[in-house]
Amino acid sequence: MSPRIIQLPLSGRDRRHYMRELRAAEQAHRDLPAKVEEAYRAAHAVACHEWSVRQFIGGPAEPSPRIVDAIAGGCELLEVRCRRCSHESLIDLTEVVWPREKPIHTLAKVLRCQACKDERAGSGSSSARKSVTSCIAIRRTIRSNDPGEKPAKKARTR
Ligand SMILES: [Zn+2]
């Protein structure tokens, strides 16, 4: 035999109180995902900044933030430098053809320097010397940048 549950009738004041509590809980439930998203965005931005500072002081490139996290954190520009000719350029991470789940430092070995490539093509030498790039910083996207700025390097499609 199941136990009897006796519901005590709620007074009007109690009912209003519980309705207010219920609405507050529903509102909090709606707001929390946005707050979590915002917190993650801030955390990703801090991680990108931390990595950039580490590169600046000569620290290891590994581990680095994932590409998808950098984009989520609003840091969509990767600054890279050619180790051979010291040519620097900015790469838009949203346009790079590379798995987004991979860490940013994995891009260094697949990026080729356009300046070195042009130089080789100009001199006519067929030396297959590879230019090695290193990632040096992740920058925040500046939406009002001049359209003349074009990334000089592209990741090869795999
Ligand atoms: Zn170069």
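A: What follows describes the sheet and then the nonpolar core.

This is a predicted model, in which local features need pLDDT of at least 70 and side-chain atom pairs count only at pLDDT 80 or more, while totals for chains, interfaces and linings use all residues. Residues are numbered from 1 along each chain as its sequence is written.

The open sheet has 3 strands in the order β2-β1-β3, with antiparallel pairing. Strands (E, at least two residues) and helices (H or I, at least four) are DSSP runs, numbered from the N terminus; two strands pair if DSSP finds at least two bridges between them. β2 (88-92) and β3 (133-139) stand at the edges with a single partner strand each, so one side of each is left without a neighbour in the sheet.

β1 (residues 77-82) runs antiparallel to β2 and is joined to β2 by 5 bridges. Along this pair, Glu79 stands opposite Leu90, and Arg81 stands opposite Glu88. The two strands form a hairpin with 5 residues between them, and Ser86 in the turn has a positive phi of about 60°.

A nonpolar core is a set of buried Ala, Val, Leu, Ile, Met, Phe, Trp, Tyr and Cys residues joined through C-beta atoms within 7 Å. Buried means that 20 or more other C-beta atoms lie within 10 Å of a residue's own, with C-beta atoms placed from the backbone. The largest such core has 16 residues, and Ala70, Leu78, Leu93, Ile104, Leu107 and Ile138 touch the most other members. At least two residues each come from α1 (12-56), α2 (67-72), β1 and β3. β3 gives the most, with 3 residues.

Methods:
Buried ≥ 20, exposed ≤ 12 C-beta atoms within 10 Å, placed from the backbone.
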